[in-house]
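Subject: Handing over the structure

Hi,

Here is the structure I promised to pass on to you. Please open it alongside this email, and my notes on it follow below.

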Amino acid sequence: QAPITPSAMPRPILATIHTAALQHNLSRSRLAAPDAKAWAVIKANAYGHGIERVFEGLRSADGFALLDLEEAQRVRALGWRGPVLLLEGVFEARDLELCSRLDLWHTVHCEEQIDMLAAHKTNVPHRVFLKMNSGMNRLGFTPERYRAAWTRLNALPQVDEISHITHFSDADGQRGIGHQMQVFRRVTLDLPGERSVSNSAATLRHTPAAPEGNGADNEGVACDWIRPGILLYGSAPDHPSHNISHWDLRPAMTLASKIIATQTVDTGASIGYGSTFVADRPLVIGIVACGYADGYPRVCPSGTQVLVAGKPTRLLGRVSMDMLTVDLTPLLDAGLQVGMGSEVTLWGRASNGAVLGIDDVAQAAGTLGYELMCALAQRVPVVAEEC
């Protein structure tokens, strides 16, 4: 029996990846740091979008940064011959063999990884990024141990060029990056090699040409490589302080479905499990083919914004496994013809061009856009939209 194609699926839910939006968002990061090369960060299967689906939209990047060897193999299989960086480096000694074979650059953040390199037999020395723990306190060498680690690496015949990398803990918040940049500059000042410091938030907020790139935090933030991640996918790294319109970003993913039934409920009637919503007047509601088994957060409360036929309305009641309920009453009162079969945009861009930012839905759920992207369920069909 022939497989069912996404366009013929009996259930109308669909996620669409917008190639042109990816291209646009990458260009926005370059405007903020015009003198830097750009890593397109595609870890976690391109933040849930699919490496193969985002590749065309991001292939103008100078390199791809990711976490594991399987993802690196997929990028190489797509024909990419440029730089590929393993952001967490290798996890065991045998990983270095594949780094050699696939020509991967990799981060070094601990003594054990230096030991692996020292024991590695290779004819081609490795390009590495030495990571400083400048205050994130996750991975990397402390400032006191950083230069000794650099000296060890620099003495190894297995190592070619050594670049410098760190990660900001507060680039999206009030504390900013000044405290970490001071440490990073002081320790690496006279060491050769390229620098990579700016994630999405730092790229948009703190690089020299960034829209808000002024003040003490900005001093000395110019670097050789920026690392745009979440901004590529149309999420504001400092939401709710700013939304994607502020940063001129576009949604790279739209999750859409349709209304599969309607109901009319009277005043005092409850909707959904637990009767968490009780109508204070007669309502017309639409039942949507989307639930938490599709990746829509169960914890989204009544009032969370949803677009029906590109017009804003609200979620009502508790999200079920396979369905959720929306309020059609204000749309019908406005004279709109909505009902069975009407388009419902859970996040992203509706057919009429209206945008519901994934960050707004995530905020209602008490989480981040990152989590919604990465949590898209496997059962949801996904297509890439051509430019």
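A residue is called buried here when its relative accessible area is under 20%, exposed when that area is over 50%, and partly exposed in between. Please also keep in mind that this is a predicted model.

Even so, the Arg-74 side chain meets that of Glu-52 in a salt bridge, with 2.8 Å from N to O. Glu-52 belongs to helix α3 (residues 51-58) and Arg-74 to helix α4, so this pair ties together parts that lie 22 residues apart in sequence. Glu-52 itself is partly exposed, at 41% relative accessible area.

Arg-74 also forms a salt bridge with Glu-70, where the closest N and O atoms are 3.6 Å apart. These two sit four residues apart in helix α4, which means that about one helical turn separates them. Glu-70 counts as partly exposed, with 43% relative accessibility.

Another pair to look at is Arg-152 and Asp-115, whose side chains meet in a salt bridge at 2.9 Å, N to O. This pair links distant parts of the chain, with Arg-152 in helix α7 (residues 143-154) and Asp-115 in helix α6, 37 residues apart. Both are partly exposed: Arg-152 has a relative accessible area of 33%, and Asp-115 has a relative accessibility of 41%.

Helix α5

Which residues of helix α5 (residues 95-102) are buried? They are Asp-95, Leu-96, Leu-98, Cys-99 and Leu-102. Seen down the axis of α5, these buried residues fall within an arc of 160°, so they line one face of the helix. The elements that cover them include α4 (69-77) and α6 (111-119), along with the strands β4 (84-86), β5 (105-108) and β6 (126-132). Just after α5 comes Asp-103, which takes a positive phi of about 55°.

The largest pocket has a volume of about 750 Å³. It is lined by 37 residues, and those closest to its centre are Lys-43, Arg-138, His-167, Asn-199 and Tyr-370. Four helices each supply at least two residues of this lining: α2 (43-47), α9 (200-205), α12 (358-364) and α13 (369-374). Of these, α12 gives the most, with three residues. By type, the lining of the largest pocket divides into 18 nonpolar, 11 polar and eight charged residues.

The second largest pocket holds about 210 Å³ of space. Its lining has 14 residues, with Thr-16, Thr-254, Ala-256, Glu-343 and Ser-351 nearest the centre. Here strands contribute: β1 (14-18), β10 (253-265) and β17 (343-349) each supply at least two residues. The largest share comes from β10, with four residues. This lining divides into four nonpolar, six polar and four charged residues.

Best wishes

Technical notes
Residues numbered from 1 in each chain as written. Predicted model: local features only at pLDDT ≥ 70, side-chain atom pairs only at ≥ 80, totals over all residues. Heavy atoms only, no water. 1 Å grid on protein atoms, 1.4 Å probe; cavity = no way out; pocket = protein on both sides within 12 Å on 5 of 7 lines; lining within 4 Å. Points joined across faces, edges and corners; volume = space filled by probe spheres on them. Nonpolar A, V, L, I, M, F, W, Y, C, P; charged D, E, K, R; others polar. Buried < 20%, exposed > 50% of the residue type's maximum accessible area, 1.4 Å probe, protein only. Arc of directions from axis to C-beta. Contact = heavy atoms within 4.5 Å. Salt bridge = Lys/Arg side-chain N within 4 Å of Asp/Glu carboxyl O.
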